[in-house]
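Visitor: Could you walk me through this structure? I am new to it and will ask as I go.

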Amino acid sequence: MLPTVAANQVQTLHSSESPPATPPFHRNWLLAWVILMAGLVLTSVATFTIHSSFKRLVEQDFVFHGNGIRTKIKERLEDHARILQSGVALFKVSETITHEEWRIFTQTDTLKQELPGIQGIGFSLLIPRAELSRHLKKIRSEGFPDYRLTPEGDREIYTSIIYLEPFSDRNLKAFGYDMFSEPVRREAMERSRDTNTIALSGKVLLVQEANTIPLSGKVLLAQEATNTDVQAGNLMYAPVYRKGLPVKTVEQRRAAIFGWVYSPYRMNDLIHGIFDNDIETKNNKYYLEIFDGKHVLPERLLYASHPEEEKILPDQVSFSRQLPIDFNGHFWTLRLTQTKPRLFSVEYMGVWFTLVGGLIITGLLFALIRALLNTRIAAQSLAENLTV
C-alpha cells in the first residue's frame, strides 16, 4: 500500500505544477517591428537632411548666378562708357570732326565685334537758336540737301544727331533728331552736362524704332518704317565741352557744353549680346527682368528673358531676388526668379536615391529578421514534436 500511495502523491504533485513556459517569440516579433520603424525614421531623417542640403546648395547657386548676371551687366555698361570716353577724347583733339573721320573712328573700335548688342555710337551737337540757320546750311552743303531738325518747333536750344555709325538701316532715322526736345533724354543729357560724368537715360522708344521717318536727306532712300521687333531702349551720354573753357562748376559746364557723344541701346539686343543668348540657362530655370529705376513697375520694364505667355506663376517660384545696378546715380533693378525643380528631375536624384535606398534596406532587414524568426519557430516546433 505504501508504494502505491507514494506514487499517487508524486503523480498528484506533478499534475499540480504549471506547464513549462513557451519561448517569448512575441518579443522577437516586437524587435522586428521596432527595427522596421527605426529604419523608416532614419530613412525619413536622412531624406529630409539631403533635401535640405540640396535646397541650400540650389539657393547658393541661385545667389551666385544672380551676382554673376549683375556683374556682367555692370561691366558691359562700363565698357560702353569707355567707348564714349574715347569719342570725347577725339573731340579734345579737334572740334571739326567730319563724317568720314567719325566713320573711321568707329570702325577702328570694331564695336560690333567687341561689344555685341550695341546699336551704334554718335554725336549730338548743341545748337543755340541764333546759330540754327547757319547749322542747317552747313550740313546741307555736306551732301544732305534735305537735312532738317526733327521735331520742328521754336526752342531756345536745339540739339541734332549729326554723326551716328553705322550710318545705315535703323540708325538713318535718327539723323537730325533733337534729343533735347524729349524729356527723358533731356534729363540724362543735362545730368551728364552738369556733373561731367557719363549718364544713362531712362526708358525710351528709340527713334530707330519709330514708324515716322524724318525727312533728312538720304533717310527716305535707305530706310522704311520699322514695324517689327520693337524693343525698349535707353541711351548713354558723355559730355563734350569746348576746348580751353573751365568746367569746374555747374555754371561753367553749362556755358562750355559743345555736345554729347552718345550711344543708343535696344535692350533685348544689349542683354543678348552680353550673355550670348544664354540668359535662360539650366533648362530655362532662370527668369530675368530688368526695370528702369529702383522700383519694379510694369511700365518700367526694360527687358524680360521670356515672353509674357511664358511668365512664371507664383506657385512655381522657388527663389526670387532683386538686384540693383547703380550706374553713376542712375539705377536699374534686376529681378531674377528661379522655378521650382520638377519632382522627378535630375536635381532630385540624390533625394530619391536616399529615400528609395533607405526603404529598400529597411525592407530587406525586416524581411531577413522575419525569415530568421520563422526558421526558429519552425525549428522549435520540430524539436517539440520529436520529443513527444
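Guide: Let us begin with an open sheet of four strands, ordered S7-S6-S9-S8 with antiparallel pairing. Strands here are DSSP runs of E with at least two residues, helices are runs of H or I with at least four, and both are numbered from the N terminus. Two strands pair if DSSP finds at least two bridges between them.

Visitor: Which strands are the edge strands there?

Guide: Strand S7 (301-304) and strand S8 (317-327) are the edge strands, and each pairs on one side only. On average, neighbouring strands of this sheet are turned by 15 degrees against each other, direction ignored.

Visitor: Before going on, what kind of model is this?

Guide: The model is predicted: local features need pLDDT of at least 70, side-chain atom pairs count only at pLDDT 80 or more, and totals for chains, interfaces and linings use all residues. Residues are numbered from 1 along each chain as its sequence is written, and side-chain values use heavy atoms, with hydrogens and water left out.

Visitor: Back to the sheet. How many bridges pair S6 and S7?

Guide: Three bridges pair S6 and S7, in the antiparallel sense. Leu301 in S7 is the bridge partner of Phe291.

Visitor: What does H9 touch when it packs on this sheet?

Guide: H9 touches S6, S7 and S9, and its direction makes about 45 degrees with that of S7. Contact means heavy atoms within 4.5 Å. Axes are lines fitted to C-alpha atoms, for helices over the stretch in contact, and angles run from 0 to 180 degrees between N-to-C directions.

Visitor: Which residues of H9 are buried?

Guide: In helix H9 (residues 267-275), the buried residues are Met267, Leu270, Ile271, Gly273, Ile274 and Phe275. Buried means under 20% relative accessible area, exposed means over 50%, and partly exposed lies in between, with a 1.4 Å probe and protein chains only. Just after H9, Asp276 takes a positive phi of about 55 degrees.

Visitor: Which salt bridge does Arg335 form?

Guide: Arg335 forms a salt bridge with Glu289, and their closest N and O atoms are 2.8 Å apart. Because Arg335 lies in strand S9 (residues 330-339) and Glu289 in strand S6 (residues 286-292), the pair ties together parts that are 46 residues apart in sequence. A salt bridge is a side-chain nitrogen of Lys or Arg within 4 Å of a carboxyl oxygen of Asp or Glu.

Visitor: Are those two buried or partly exposed?

Guide: Arg335 counts as partly exposed, because its relative accessibility is 21%. Glu289 is buried, with a relative accessible area of 13%.

Visitor: How many salt bridges does the count come to?

Guide: The count comes to 15 salt bridges. Among them, Lys138 and Glu142 meet through their side chains at 2.8 Å, N to O. Arg134 also forms one with Glu131, with the closest N and O atoms 3.9 Å apart. Arg129, Asp154 and Glu156 are linked in a network of salt bridges.

Visitor: Why does Arg134 count as exposed?

Guide: Arg134 counts as exposed because its relative accessibility is 59%. Glu131, at 33%, counts as partly exposed.

Visitor: Now the other sheet: what is the order of its five strands?

Guide: The order is S2-S1-S5-S4-S3, in an open sheet with antiparallel pairing. S2 and strand S3 (199-200) stand at the edges with a single partner strand each, so one side of each has no neighbour in the sheet.

Visitor: What packs on this sheet?

Guide: Helix H6 (residues 183-195) packs on the sheet, where it touches S1, S2, S3, S4 and S5, and its direction makes about 35 degrees with that of S4.

Visitor: How many bridges join S1 to S2?

Guide: Eight bridges join strand S1 (residues 121-128) to S2, and the two run antiparallel. Ile121 stands opposite Glu165 in S2. Strand S2 (residues 157-165) is mostly covered, with eight of its nine residues buried.

Visitor: Last topic: how many aromatic pairs are found?

Guide: The search of the whole structure finds 15 aromatic pairs. Phe91 and Trp102 form a tilted pair, 5.8 Å centre to centre with 45 degrees between the planes. Rings of Phe, Tyr and Trp (its six-membered ring) pair if their centres lie within 6.5 Å; planes under 30 degrees apart count as stacked, over 60 as edge-to-face and the rest as tilted. Phe91 and Trp102 are both buried. Together with Phe105, Phe123, Tyr163 and Phe258, Phe91 and Trp102 form one aromatic cluster.
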